[in-house]
Amino acid sequence: MARVGIVPAVIATVIPSGLATLLIVWVLSHQYHDPGGGRISSGGSFILYEGSEARDDGTGEITASLVALTFSSLSSQIISLMTPFVMALAAYRAAGLWLRNSSGRSGFGPDENPTPTQFGLLIPLLGFTNLKAIKTSLLYLLQPSTRRARVPRLFTETLVTAVVVIALSHIVGIADLWLHSTTKSLIVNQLMQMASDPTENHAVAFNSTLCDQWNTSSWPCLNTQDGWAVENSSVVFQGWETARNLSNAALQVFTLSDWGDMAVLVPTAAAPEWMGSKLTYNSSTFGARADCQILNWVDQTNRLGSMSFNPDWPVPVVMHNSRAVTPSMNSSLTCNGTPEETGLVSNGVLGLVNGVVGGATDGVADFPENAAVSPNPAKVMVQLQWQVLGVLGYFRKRGSGPPLAIWETLFAGCSLEFFNASIEYVPATNSYNLLNATPSTPELTSILWSPLLTQFVTDQLALSIQGVTKVGSQGNITARLNQELGRLALGSAGGLFQAAPSSELATLSTVVLGRYPMAPFLCLVAALYAYALVAMVLFAVSRWSWSYSIRVPSDTESKGKEISSLVLAQTWLTDPMPLVAFASRTGREDERMLSERVLDMASDEEGERLRIGLLDSDGQVTFGIEKDLGSGGADRSCSR
């Protein structure tokens with residue numbers, strides 16, 4: 001018994017199985033995690049995070065290496081180098097069988113030994129395993145039994161092993177090519193969570209210090225008989241800037257078109273600096289949304305006309321020169337007479353609370369002091385009037401007199417709702433998403449609509465609506481009115497808010513993902529493990545192969561060293577050197593055949609050269625090699 005093949009066994013087993021394990025570990029440790037959670041596969045493919053590396057040449061390009069493909073190529077190249085190690089184990093198995101059959105032990109006879117032809121086929125199968133060697137052996141095996149000798153077990157096992165090893169080696173290469181041709185790279189934006197920084201104020205909070213003394217039984221805070229925020233000029237000024245979205249305003253108003261045209265407040269320090277950047281965050285804020293109905297739209301003429309009675313607005317009121325009266329306008333033309341007769345009205349935004357109109361003279365103070373809290377949504381009436389410009393904006397009454405101007409009037413009833421909201425900034429689309437919105441309390445609603453009823457932004461509302469009424473349809477006019485009323489109502493109250501820290505800060509990083517199809521990946525891993533398994537089996541069956549020890553004569557260079565017959569037999573099956581040494585041996589050169597190093601088996605002296613060609617051996621002409629005796633020797637060339 002001899003323990004052999006440990007080194008080739010370790011190489012042929014550990015390396016393929018290690019590569020397969022490395023691929024699996026890489027997949028498990030680099031699975032892509034999207035914002036909704038992790039996922040390891042998608043659509044029959046593994047989605048792996050490959051990282052990202054921005055080029056520093058100013059192009060902004062993102063590069064990454066598909067590492068799994070690198071491992072795949074490495075596996076294919078290494079397996080192509082593993083075949084000699086695996087077949088070395090198979091050679092130990094064949095050598096053990098050959099030695100056992102040649103030992104003359106009971107049950108084993110010379111019929112199980114290879115013939116010269118079979119021995120000649122075994123050397124390239126075990127020593128130079130390739131498709132050509134397998135093809136030659138298969139052709140021999142497929143010959144009729146009458147044309148060849150019986151095939152012993154060691155030859156059949158060796159051929160099957162060579163076919164399996166070469167097949168697995170090529171399967172690894174094909175799987176590698178398959179994986180390379182089907183793997184795709186994906187460019188995605190990924191959010192990376194950051195610790196909240198109190199200096200990054202992207203949220204909006206109500207400045208409660210302005211209203212900490214408010215008693216809800218009186219007018220909403222900052223409202224007096226003299227007007228709104230008359231003693232807080234900074235609140236008025238900040239609201240003025242916010243309503244106009246000035247660049248130096250502390251807050252800005254954004255309209256979320258995908259969320260019913262809700263207007264929301266955003267700190268100016270966040271919007272210009274971060275819009276288009278890679279920072280995303282969730283922020284608490286406040287919003288407003290209006291839903292208006294035009295009361296004096298004439299469907300037959302598709303234009304604004306006289307206001308008719310509407311059951312949803314039982315107390316329509318029109319302001320005439322700051323006086324609240326019941327409208328009796330039947331024409332959009334001016335003429336001599338009182339405001340009630342002419343139809344000339346003042347622009348205004350009026351509020352309704354329990355049937356009481358507020359905003360015509362003193363803003364919120366028009367309501368009874370103990371009944372000034374509005375429900376949410378609040379009920380708002382809008383009346384806007386502007387002169388029709390151009391040649392058609394004048395006409396001359398029959399007879400004499402100056403031309404009279406034509407005026408156009410819009411009456412609308414609106415539902416105005418305020419919200420405590422939460423928004424998310426998405427840098428990928430350079431926009432805001434509404435996460436949730438809860439209606440504000442009636443108390444807060446009453447505070448927020450105060451500047452609107454003080455006619456703080458009425459003229460700006462009229463200017464914003466005037467243009468669209470010239471060419472727009474009823475739907476366009478209504479949509480514009482909804483947007484502007486919500487935006488200006490919230491913006492005019494901008495002085496009541498202040499910036500605050502946001503939550504869930506994250507940066508948006510562009511990363512590269514690898515999409516690896518499962519089929520070629522699993523095929524590659526399975527082939528690598530199968531290759532390692534074959535090596536383990538060969539090692540197991542060859543490790544305790546039958547052999548015996550040979551003691552080298554003491555008068556040789558090895559001086560009594562013991563050599564395993566299994567090692568010598570394996571060398572004869574995998575290398576042609578022993579055959580060369582055996583054919584060219586003379587005298588003491590027989591001792592060379594007991595060397596464990598193939599380089600020491602044959603003669604390598606300067607005076608000994610081999611010639612090849614036609615040879616004359618005892619009168620028989622043949623082709624072969626022999627020692628070249630030099631110019632002084634006999635002429636052994638032959639002629640025909």
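**Exercise 1. Find how strands S19 and S22 pair, and name the partner of Leu 384.**

Solution. Start with the ranges: strand S19 covers residues 378-387, and strand S22 covers residues 407-426. Strands here are DSSP runs (E, at least two residues), and helices are DSSP runs too (H or I, at least four), numbered from the N terminus. S19 and S22 pair in the antiparallel sense over 10 bridges. Two strands pair if DSSP finds at least two bridges between them. Now take Leu 384: its bridge partner in S22 is Leu 410.

This is a predicted model, in which local features need pLDDT of at least 70, side-chain atom pairs count only at pLDDT 80 or more, and totals for chains, interfaces and linings use all residues. Residues are numbered from 1 along each chain as its sequence is written, and side-chain values use heavy atoms, with hydrogens and water left out.

**Exercise 2. Work out which strand also pairs with S22, and how covered S22 is.**

Solution. Look at strand S23, residues 431-439. S22 and S23 pair in the antiparallel sense over eight bridges. Next, check cover: 16 of the 20 residues of S22 are buried. Buried means under 20% relative accessible area, exposed over 50%, and partly exposed in between (1.4 Å probe, protein chains only).

**Exercise 3. Locate the largest nonpolar core and the residues around Val 86.**

Solution. A nonpolar core is a set of buried Ala, Val, Leu, Ile, Met, Phe, Trp, Tyr and Cys residues joined through side-chain atoms within 4.5 Å. The largest one has 58 residues, and Val 86 and Leu 528 touch the most other members. Helix H2 (67-102) is one of the elements that supply at least two residues. H2 gives the largest share, 15 residues. Leaving out residues up to four places away in sequence, Val 86 touches Ala 12, Val 165, Tyr 531, Val 534, Ala 535 and Leu 538. Contact means heavy atoms within 4.5 Å. Apart from this core lies another, of 56 residues, including Trp 219 and Ile 477.

**Exercise 4. Is Val 621 buried or partly exposed?**

Solution. First place the residue: Val 621 is in strand S29. Then read its relative accessibility: Val 621 counts as partly exposed because the value is 45%.
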